[in-house]
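Here's a quick briefing for anyone meeting this structure for the first time. Take a look at it, then read on for some spots to check out.

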Amino acid sequence: MNDGSSLIEDSAPAEAPAPAPEPKPGKDPARLGTGSIIKLLVEFSVPAIVMMIFNTLYNLVDTIFLQIAVPNVGAAVTQLAFPMMCILMACSMIAGIGGNALAAIELGRGNREQVERILGNTTTLLIAFGVLSAAAGTLFIDPLLALLGTPAQLWDPTKTFMQIILIGFTLQSLGMGLNNFLRTAGRPNLSLGCSVLGTVACFALNALLVLGMGFGIAGSAFATVLGQGIGMVPVLVYLCAIPSAPFRLHARNLAPVFPMMRRILFLGLASFIMQCGSAVVTLVMNHVINLYAATDPIGVTNAFAVNSIVWKVLGLSYTVVIGVTSGAQPILGFNIGSGKWDRVLETLKWACIFSAALATVCWLLFEIFPALVLSIFNIDPELMDFACLTMRIFAMWLPLVGYQMMGSSYFQSSGQPLKSTILELTRQILFLIPLYLLFPPVAMSVFGVSGLIGVELCVPISDALAFIVTTVFVVKEVRRLRALRDESARQGEGAAPDECPSS
């Protein structure tokens with residue numbers, strides 16, 4: 001079965017690729033093939049981690065503003081809009097991450113013209129997603145609201161919020177999607193700065209439009225769209241107008257090249273599925289919580305509240321790991337494209353270590369001080385014991401999750417999206433959803449726990465199973481990389497590979 005690696009080979013030009021450029025001082029991306037792996041991982045991961053945390057905090061602060069201005073209604077609207085927001089983000093990720101992974105490999109081969117064609121076609125895809133989103137917000141908003149299950153009393157405010165977000169999505173699509181290329185261009189701090197700029201702009205605009213001018217739901221939606229537009233501006237300026245950029249966005253490269261677009265979308269498929277999978281898993285989880293909490297002393301409302309808060313806390317720990325995987329992506333792609341298999345192996349090793357170590361720090365915090373962490377959310381004291389137990393259950397195998405997420409990301413970065421997609425599916429879809437449906441009754445009859453606790457236990461079981469599958473994939477890949485390294489040593493150093501590692 002084709003796992004997508006042949007698609008990378010197809011993207012190379014017919015003539016022999018030019019050698020990778022000699023490293024230069026400053027921000028030349030050629031240092032990805034020569035610099036210290038640990039230093040590069042820190043340099044690229046720290047800004048990505050901060051950026052992910054800012055993005056996560058924005059969602060929390062946005063809800064706070066709406067809760068102040070429009071109590072309960074604002075939070076309900078954002079909750080109803082959550083699945084659609086996930087899908088919109090998935091569209092930005094499938095093009096942005098897929099295009100960046102392909103560009104990093106081609107940059108390692110020294111194919112600047114090919115990188116610029118990839119950048120142009122990625123931009124076209126992002127604009128196309130924005131146009132489709134605007135069409136959905138204009139022509140199909142009522143069916144979308146019905147699909148989301150919007151109740152009559154929340155129909156009008158949710159429609160207002162969703163229409164503004166959908167029509168203005170082009171700004172988010174371009175800003176988030178093209179920001180990925182700044183890391184491969186050797187500018188991780190600029191990538192962070194653009195994200196922070198957009199987030200701070202969203203904060204300020206929310207304060208002005210929602211609280212200061214009293215625009216409520218519409219003000220929050222406009223603040224989101226305008227803030228994302230402000231964060232997009234420096235990204236486009238750098239890619240279009242800075243002469244020292246290692247690759248540029250040219251109008252001539254916007255013309256669609258459909259085989260290339262197919263490769264971009266295929267490489268970004270794992271991220272797309274991950275985002276869409278989150279929405280599906282949330283729907284199933286809500287169903288089973290409602291089913292088993294109805295007969296539990298905790299009650300349905302309290303069970304939903306605790307699960308929502310714990311998932312938000314865990315989400316912050318996941319963003320730290322995602323920051324490491326984002327930082328490792330350009331390093332892996334460049335060295336794979338350059339055929340520097342020793343550096344690929346070292347990057348994979350240290351990225352896995354960093355991911356697992358940071359996840360372990362989060363696990364220790366959740367295990368030792370769960371009440372302190374959860375007290376930030378003003379949980380009812382009567383629910384604190386259940387909330388702490390839920391926190392410990394969900395975070396039981398968090399260090400393994402850090403490694404598993406990096407393992408999945410490696411296959412995406414190396415041009416093997418099918419394997420990455422499989423690993424993403426195992427944790428979120430293939431294991432967790434069946435466990436939600438089948439395990440709680442088993443837990444009740446065999447282990448004597450409540451059905452609600454059985455629902456909670458599905459998470460660590462899924463994490464452990466996904467860890468085992470990921471380890472099998474990674475061990476096989478490490479053996480393959482070592483074989484490629486040994487073959488390269490026999491043939492002589494410096495020749496770029498004809499293809500990326502694949503099964």
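Let's start with Leu435, which counts as buried because its relative accessibility is 14%, under the 20% cut-off. Keep in mind that this is a predicted model.

**Around Leu435**
- Leu435 sits in helix H18, which covers residues 432-447.
- Ser462 is 27 residues away from Leu435 along the chain, yet the C-alpha atoms of the two are separated by 7.6 Å.

**Helix H19**
- H19 runs over residues 451-491, and at 1.5 Å a residue its 41 residues should span 60 Å.
- Even so, H19 has a kink of about 25° at Leu457.
- That kink comes shortly before a proline, Pro460.

**Helix H17**
- H17 takes in residues 417-430, and a straight helix of 14 residues would span 20 Å at 1.5 Å a residue.
- Between its end C-alpha atoms, though, H17 spans only 17 Å.
- Where does H17 bend? Look at Glu424, where the bend is about 30°.
- Glu424 is also one of the buried residues of H17.
- Other buried residues in this helix include Pro417, Lys419, Leu423 and Arg427.

**Two helix pairs**
- In general, a pair of packed helices is described by the angle between the axes and the distance between them.
- H17 packs with helix H16 (residues 398-413) at an angle of about 155°, and their axes are 6 Å apart.
- An angle over 145 degrees counts as roughly antiparallel, so that is the label for H16 and H17.
- The H16 and H17 crossing is left-handed.
- Elsewhere, helix H4 (residues 112-139) and helix H7 (residues 169-184) have axes that come within 8 Å and cross at roughly 155°.
- H4 and H7 are therefore roughly antiparallel to each other too.
- Is the crossing of H4 and H7 left-handed or right-handed? It's right-handed.

**Cysteines**
- A disulfide is a covalent bond that links the sulfur atoms of two cysteines.
- How many disulfides does a search of the whole structure find? The search turns up zero.
- Cys91 counts as buried because its relative accessibility is 15%.
- Cys388 counts as buried as well, with a relative accessibility of 9%.

Conventions: Residues are numbered from 1 along each chain as its sequence is written. This is a predicted model: local features need pLDDT of at least 70, side-chain atom pairs count only at pLDDT 80 or more; totals for chains, interfaces and linings use all residues. Side-chain values use heavy atoms; hydrogens and water are left out. Helices (H or I, at least four residues) and strands (E, at least two) are DSSP runs, numbered from the N terminus. The expected span of a helix is 1.5 Å times one less than its number of residues. The bend at a residue is the angle between axes fitted to the seven residues ending there and the seven starting there. A disulfide is a pair of cysteine sulfur atoms within 2.5 Å. Buried means under 20% relative accessible area, exposed over 50%, partly exposed in between (1.4 Å probe, protein chains only). Axes are lines fitted to C-alpha atoms, for helices over the stretch in contact, and angles run from 0 to 180 degrees between N-to-C directions. Angles under 35 degrees count as roughly parallel, over 145 as roughly antiparallel, 65 to 115 as roughly perpendicular and the rest as oblique. A crossing is left-handed if the near helix is turned anticlockwise from the far one by less than a right angle, and right-handed if clockwise.
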